[in-house]
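Welcome, and thanks for taking a look at this model with me. Please load the structure below, and we will walk through it together.

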Amino acid sequence: MDKKKKRLVMRTVILAVLVIGIAYTIYAAATQDKTKTLQVGDDAPDFVLTDLEGNKHKLSDYKGQGVFLNFWGTWCPPCEKEMPYMNSQYEVYKDQGIEMLAVNIAQSEFEVQTFVDRYGLGFPVVIDTTKSVRNAYSVRQLPATILVSPEGKVTEITTGELTEQRIGEMLESIKPN
Amino acid sequence: MEKETVICTCGHENPFGTKLCEKCGNPLTEEEKNTKVVDMRYDGKAIRSKTYNKSFVDKVWNFFSSVKVGITLIVILLLAASIGTFLPQEMYVNAGSPIADKGAYYESVYGFFGKIYYMLGLTDLYSSWWFQILVGMLGISIIVASIDRGIPLHKSLKNQRVKRHASFMKRQRVIASGEVADGETTLNDIEKQLKAQKFKVRRDGTALLAEKNRISRYGPYINHVGLIIFLVGVSLRVVPGFYVDESMMVKEGEMVEVPGMPGYYFKNEKFILETHDNNGQLSGEQEKQGVNVVAKNFQTNAKLYKQPEGAVSGDTSELELVKEAEIRVNHPLQYDGYSIYQMDYRLGDLSGMTFKLMNKATEESYGELTIDLTNPSKMYDLGNGSSVEILTYLPDYDGFKDGQPVTKSPNPNNPAFIFMMKTPETPEGETSFVEIKNTIEPLGENQNMMKFVAPQTSNASGLTINKNSTLPILSVGGIIFLLGVAIGSYWNHRRIWVQITDNQLLLATHTNKNWHGMKRELDKLSEHVALPAYEDQLALTDSEDEEEGDQ
C-alpha cells in the first residue's frame with residue numbers, strides 16, 4: 001500500500017475507535033438509570049415468595065398465564081383503596097388464565113393477615129421480607145403494579161392508585177389467548 | 001508529482017516540511033538557514049499534521065493535533081468545571097429533603113439564581129453530555145497530538161547519524177571550534193572521557209556522537225499515556241458492574257437484600273456505640289468544644305449471606321453465610337470487591353412493648369406479655385384462663401380516617417393497638433384501644449386494662465455499599481503519569497557531536513533542558529582533554545537559561 005493511503009487508513013481507524021469509545025461512554029452515562037431500573041419489555045425477574053398459608057409462589061411457574069403483580073403496604077392509603085377493586089376483578093379473571101399476586105413490603109405476618117381478613121381478599125398475598133423482590137423490580141413508590149405477559153415479559157409498570165375499570169383493562173391486556 | 005520530498009545536499013530524501021535533514025542535519029528551509037541556532041524541538045522533523053491537509057479525516061486529525069486546540073479545550077474544561085462548583089450538584093443535595101422536586105429545591109434555597117442554574121442543567125454538569133464530549137475531545141487531542149509528534153521524534157532519535165553537516169553543528173547553541181594537536185588521539189581521549197561521564201559514544205571515522213538520557217524526550221508521551229489510562233478508568237465507571245454506590249438502613253435483627261449486590265443478604269446482629277468514660281471530669285478539649293460525651297467506638301456486628309448460584313429473588317431457604325464481620329470506622333465488611341461501610345445509626349428505636357393485664361380497681365395482675373413490634377403475635381395466653389388478643393396493630397398510629405385508625409408508616413414510631421382482653425371474670429372479653437399515653441374504651445367501661453410496663457428498644461445501622469473496580473486502573477494511570485513527569489523533568493537528554501578534520505575540531509552540543517548541566521559536562525571533559533573553549537551562541541542570563549527547554 002502506498003504510504004499516504006496507509007496513513008489515511010491509520011488516522012481513520014484511530015479517530016473511529018476514539019469516537020466510538022467516547023460515544024459509548026456518553027450513551028452509557030445517559031442511560032445509566034434506565035439500565036439499572038426495570039423497563040417495559042424486559043424479562044420479568046423471577047422470584048419466589050411465601051404467602052400467608054405457607055404456599056410458595058414462583059413467578060416462572062406461572063408461565064403461560066398473565067401475572068398481575070401489586071406491591072403494597074398497610075400504611076399506604078391508595079394501596080388500601082385499590083385492594084377491593086383488585087379482589088372483585090380477580091374473581092372475574094381468575095379462571096381466564098390470570099394470576100394475581102399482592103407483594104407486601106416487609107411487614108409482619110400479623111399485620112398482613114389482619115388486613116387480608118378485613119377485606120376478605122381472595123388472591124394470594126406474599127411478604128417480601130428481605131425487600132429483594134422490591135429491589136429486583138426497582139419499586140420505589142407504592143402502590144406499584146407490574147403486568148407480566150404469559151411469555152414472562154414486563155408489559156406495563158404503573159405507580160399510584162388504580163380504578164376498578166383500569167384494573168379490568170390491565171387484566172384483559174395480559175389474558176393468554 | 002506533488003511536493004512530497006525535500007532532497008538534501010547529502011542526497012537524502014526528506015518528507016515535505018522537514019526543517020533539518022534527517023540524515024545529516026543540514027538546514028533545509030530558508031528560515032532555518034538564516035537562524036543562528038536551529039529549532040531542535042522535534043529534532044527538525046516534520047510534524048505530520050502540518051504537512052498534509054487534504055481529506056476530511058486529515059482535517060479532523062489536524063484539528064486535534066494542534067496544541068492550540070488542546071490548550072483551548074483545557075481552558076474551556078477548567079471554566080466549565082469551576083462553574084459546576086457554584087452550587088452543590090444534584091447528587092449532593094439532601095435526598096431526604098421535604099421538597100421532592102429538585103428544581104423547586106434549588107429555587108427555594110438559592111432563589112432566582114438557583115432556578116436559572118437548575119434550568120441550565122448546571123446542577124448535573126459533570127454528567128451532562130456536553131461536558132463529557134469536551135473531556136472526550138481533550139482525550140482525542142492528547143492522543144492525536146502525541147502520535148503526531150512522538151512518532152517522528154522517535155524515528156529521528158532512532159536513526160541518528162554520527163556525522164552531521166557542519167552547518168547543523170554550527171547552528172547548535174553551545175559549540176566549540178579550533179585547532180588541536182593530534183586529531184586522532186584527541187578523539188580517542190574524548191571518547192574515553194565521555195564514556196567515563198556515562199555517555200553512550202558512537203564513532204564514524206573522524207566523527208563522534210555521545211549521547212545520554214535519551215529517555216527524557218519520551219517523558220511527555222509517557223505522561224500522556226498515563227493520562228489516557230486515567231481517563232479510560234474514569235469513563236469505565238458508567239459501564240455496568242464497575243461502580244456501585246448504594247445505601248441502606250438495617251435494624252438490629254433484620255435481614256435485607258443488599259442493594260447493588262444482587263443475591264447477597266445482610267443481617268444486622270447488633271449495633272454498638274461506646275463512649276469514653278469521663279470519670280466525672282471533662283478534658284480540656286471537651287470543655288473547649290462543649291461536648292460531654294466522646295464516642296469511642298461505632299460498631300455493627302454483621303453477617304453476610306449469599307444465595308446459591310441460580311437462586312431467584314426472595315429465595316432465602318438456602319442462604320450460605322459467607323462473611324461475619326465487626327464493621328467499625330475504617331474497617332468495612334469486605335467481600336468480593338464490595339465494601340460495606342457504616343455511615344449512620346439510629347439509637348433506641350422502639351422494638352417491643354411489655355404490658356400487664358390488670359384489674360383497674362384492685363390493680364390485681366393477670367400476667368404480663370411482651371409484644372415484638374416487628375413481628376407481633378395474634379394471641380397471648382397468660383394462663384389461668386386469661387388471654388389478650390390483638391385485633392388491630394398500628395405501628396405508626398396517625399389518628400382515625402373514615403372511622404378506621406390508620407398508620408402512616410410501617411415503622412413502630414407510635415404504636416397503637418386494639419386489644420381483646422379476656423379473664424375468668426370477663427369471659428366475653430373487653431375491647432380496649434391503647435396508644436402511647438392514652439387508652440380509649442370504645443365499647444363501654446372496662447373492668448380490666450393493659451398497663452404499659454416497659455419498652456424494648458433496638459438500634460439501626462445506616463450502611464453504604466461501595467464497589468469501585470476502576471481504582472486499580474486509576475492508580476496505574478496515575479503512576480505512569482507521574483513517572484512520565486519525573487522522566488521528562490529530572491532526566492536531561494544530552495548530546496555532543498565532535499568532528500576533527502585535519503586537526504581542526506568542531507564540537508556541538510544539544511540538551512533539551514538545563515544548559516548549565518550541559519556546560520558542566522563540557523567543563524569536566526576539558527579537565528581531561530585539551531579542547532578549545534566553548535561558546536554559548538545565545539548567551540542568555542542565568543535566570544532565562546533555567547527556563548529554557550523544549551520537548
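In which loop is A:Pro143 found? A:Pro143 lies in the loop between helix H5 (132-136) and strand E6 (144-148) of chain A; helices (H or I, at least four residues) and strands (E, at least two) are DSSP runs, numbered from the N terminus.

## Ground rules

This is a predicted model, in which local features need pLDDT of at least 70 and side-chain atom pairs count only at pLDDT 80 or more, while totals for chains, interfaces and linings use all residues. Residues are numbered from 1 along each chain as its sequence is written, chains are lettered from A and ligands numbered from 1 in the order in which they are written, and side-chain values use heavy atoms, with hydrogens and water left out.

A:Lys131 sits in the loop between strand E5 (125-128) and H5 of chain A. For context, most residues other than glycine have a negative phi, and most peptide bonds are trans.

Over all chains, the structure holds one disulfide, meaning a pair of cysteine sulfur atoms within 2.5 Å. The partners are A:Cys76 and A:Cys79, with sulfur atoms 2.0 Å apart. Their link is right-handed, with 85° about the S-S bond.

## Where the chains meet

Chain B brings 51 residues to the contact and chain A brings 37 residues, where contact means heavy atoms within 4.5 Å. Between them, the two chains bury about 3600 Å², 66% of it on carbon and sulfur atoms; buried area is the accessible area (1.4 Å probe) that two parts lose on being put together, summed over both. On the chain B side, B:Trp61, B:Val238 and B:Ser313 lose the most area to chain A, together 15% of what that side buries.

There are two salt bridges between chain B and chain A, each a side-chain nitrogen of Lys or Arg within 4 Å of a carboxyl oxygen of Asp or Glu. A:Lys131 comes up again here, as its side chain meets that of B:Glu254 in a salt bridge (3.9 Å, N to O). Among the elements that give two or more residues to the side of chain B that touches chain A are helix H2 (56-65), helix H5 (129-158) and strand E17 (404-407) of chain B. H5(B) gives the most to that side, with nine residues.

## Strand pairing in chain B

Strand E17 of chain B also pairs with strand E16 (residues 397-401) of chain B, antiparallel and joined by three bridges; two strands pair if DSSP finds at least two bridges between them. B:Phe400 has B:Pro405 in E17(B) as its bridge partner. E16(B) and E17(B) form a hairpin with two residues between them, and B:Asp402 in the turn has a positive phi of about 50°.

Elsewhere in chain B, strand E8 (residues 264-275) and strand E9 (residues 295-306) pair in the antiparallel sense over 11 bridges, with B:Phe266 opposite B:Leu304 in E9(B). E9(B) also pairs with strand E10 (residues 320-328) of chain B, antiparallel over eight bridges. In that pairing, B:Asn301 stands opposite B:Glu326 in E10(B).
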